[in-house]
Amino acid sequence: MELISILNLAYLVASILFIVGIKQLAHPKTATRGNLLGALGMLIAVVATLFDREILSYEWIAVGVLIGSVIGIILAIKIQMTAMPQLVAVLNGFGGIASVFVAGAALQLSIPKYATTVNYQEIVSIVFSAIVGGITFSGSFIAFGKLQGFITEKAVRYPGDQLVKILVGLAAVGLGVYGCLEPTDESIYWILSGVSLLLGIFLVIPIGGADMPVVISLLNSYSGIAASATGFVLNNNVLIISGSLVGASGIILTQIMCKAMNRSLTNVLFGGFGAVATEMKDDGDFYSGKVKSTSAEEVAMLLDVARSVVIVPGYGMAVAQAQHTVRDLYQLLTARGIDVTFAIHPVAGRMPGHMNVLLAEADIPYDRLKEMDEINSTFENVDVVIVNGANDVTNPLAKTDPKSPIAGMPILDVGNAKTVVVIKRSLSPGFAGVPNPLFIADNCLMLFGDGKKATQEMIAALKES
């Protein structure tokens with residue numbers, strides 16, 4: 001069998017493993033196996049590529065693999081689940097810049113032949129890699145900065161910002177067209193890459209922290225699209241297929257997230273184009289004298305007579321690393337015959353599926369996790385809802401105030417329950433920067449404190465009751 005046939009067979013096997021792996025990632029019971037199948041597919045693709053290309057020095061490749069493996073192992077061990085969104089953003093960015101450099105290297109090799117014959121499929125793919133890869137890299141690191149707190153989580157808007165984005169975008173398109181017409185001018189490629197990096201900053205900086213889950217999903221899609229374009233540059237089938245899978249799945253997930261937040265995909269794609277920058281200010285009297293504070297002992301008494309309890313996890317729970325303590329509370333309540341479920345909002349946390357991953361890490365049964373559409377109609381029959389660190393996803397302003405930044409966003413209707421207990425450090429607003437009327441509702445009690453410590457105190461009080 002010829003080498004090219006063996007390589008194509010290897011690429012086919014790798015592609016099948018990618019597809020099956022993604023399919024199995026859809027359920028916790030098969031997710032681990034799906035992850036391993038995807039990793040195996042990538043290993044096969046990498047080994048096949050090393051045989052397929054003219055390798056100048058395997059020594060440098062070995063050094064790169066060693067360094068990358070060490071970094072990967074350290075990250076896998078050290079990174080907390082609460083920092084996973086930041087890590088995903090960084091990995092998206094590295095994928096984007098890799099596409100830029102690989103396409104640039106391919107252009108250097110192709111410039112001599114372009115003097116006589118231009119391969120327009122190749123040069124268009126090279127230009128596309130520069131634009132999408134550049135936007136992905138800078139946009140991802142802006143997202144990382146917002147998530148990590150290096151950059152303000154608020155939407156950064158300024159007079160004429162939309163015009164600036166349009167002009168920079170047109171400049172990128174113009175340079176891209178010129179680069180296709182004059183492919184022997186390498187400097188145009190790197191100027192285009194620089195303009196694309198600038199465009200990525202302008203696109204993401206106006207997006208606020210509340211929309212970060214959508215941004216991360218979208219940038220993940222961009223990284224896949226950039227990789228697929230690079231596959232066309234290198235004429236590498238497995239890179240085209242894998243990049244397309246990432247790009248398509250990312251776009252689908254982004255659309256799902258937009259629906260969950262009542263956001264326009266166009267609005268996200270163009271970094272707030274056409275959006276009105278509004279922010280609701282708390283005049284200091286919103287909560288004054290209206291909040292009913294409670295204690296762990298009082299909550300324990302409520303739980304002791306409850307027949308149904310719903311726990312709503314949020315980013316505050318993730319920051320407190322309270323998922324294992326929440327599991328202990330779940331097991332204690334279940335042992336007493338109380339029906340306990342978890343209400344999961346699609347954008348709770350800072351990335352898609354953030355809460356699902358945290359609860360799965362704590363070995364909470366998957367069938368106890370209920371999506372928003374499934375559980376919303378049942379809240380009126382629930383005795384106690386415990387909101388652990390969630391804010392915007394339970395904020396009634398989404399339904400009552402058309403001028404609110406979260407107006408129209410579907411929320412968990414926890415206010416319909418008989419009693420709502422909100423565990424929160426303070427009355428500070430969520431990512432959207434607006435107060436939450438739920439906190440002053442007649443059936444709401446505020447249990448102030450760290451999500452983990454407050455839950456531990458509830459468990460202790462329950463055991464003594």
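Over residues 89-111 the chain is 100% helix and 0% strand, with the end C-alpha atoms 33 Å apart. Residues 123-143 also come out as 100% helix and 0% strand, and there the end C-alpha atoms are 30 Å apart. Helices here are DSSP runs of H or I with at least four residues, strands are E runs of at least two, and both are numbered from the N terminus.

Both ranges turn up in the UniProt record: its unreviewed entry gives the annotation "transmembrane region" to residues 6-22, 34-51, 57-77, 89-111, 123-143, 163-181 and 239-258. UniProt positions are given in the numbering used here, feature names are shortened, and such annotations may be inferred rather than shown by experiment.

## Ground rules

This is a predicted model, so local features need pLDDT of at least 70 and side-chain atom pairs count only at pLDDT 80 or more, while totals for chains, interfaces and linings use all residues. Residues are numbered from 1 along each chain as its sequence is written, and side-chain values use heavy atoms, with hydrogens and water left out.

## The whole chain

Counting up the secondary structure of the protein chain gives 17 helices and six strands. The radius of gyration is 25 Å, close to the 23 Å from the globule rule for 465 residues, so the chain is as compact as a globular protein of that length. That radius is taken over C-alpha atoms, and the globule rule is 2.2 Å times the number of residues to the power 0.38. Along its principal axes, the C-alpha trace spans about 85 × 55 × 35 Å.

How much of the chain is buried? Buried residues make up 48% of the 465, where buried means under 20% relative accessible area, exposed means over 50%, and partly exposed is in between (1.4 Å probe, protein chains only). Of the contacts with a separation of 6 or more, 79% come from residues 24 or more positions apart; a contact means heavy atoms within 4.5 Å.

Leu333 lies in helix α13 (residues 323-335). Its relative accessibility is 0%, so Leu333 counts as buried. Leaving aside residues up to four places away in sequence, Leu333 touches Leu303, Val309, Ile338, Val340 and Leu462. Ser308 is 25 residues from Leu333 along the chain, and their C-alpha atoms are separated by 9.5 Å.

Asn376 sits in the loop between α15 (372-375) and β4 (384-388). Why does Asn376 count as buried? Because its relative accessibility is 17%. Apart from residues up to four places away in sequence, Asn376 touches Ile411, Leu412 and Asp413.

## Positive phi in two loops

Asn235 has phi near 55°, a positive value in a residue other than glycine. You'll find Asn235 in the loop between α8 (212-234) and α9 (237-261), and at 60% relative accessibility it counts as exposed.

Asp363 has phi near 65°, again positive in a residue other than glycine. Its place is the loop between α14 (354-361) and β3 (369-371), and Asp363 is exposed, with a relative accessible area of 61%.

## Partly exposed spots

Val177 is found in helix α6 (residues 161-181) and is partly exposed, with a relative accessible area of 45%. Val177 and Glu122 are 55 residues apart in sequence and 13 Å apart in space, C-alpha to C-alpha. Arg33, in helix α2 (residues 28-52), is partly exposed with a relative accessible area of 45%. Between the C-alpha atoms of Arg33 and Gly243 there are 21 Å, for 210 residues along the chain.

Gly408 belongs to the loop between α16 (397-400) and β5 (419-424), and at 37% relative accessibility it counts as partly exposed. Which residues does Gly408 touch, not counting those up to four places away in sequence? They are Asn262 and Ala398.
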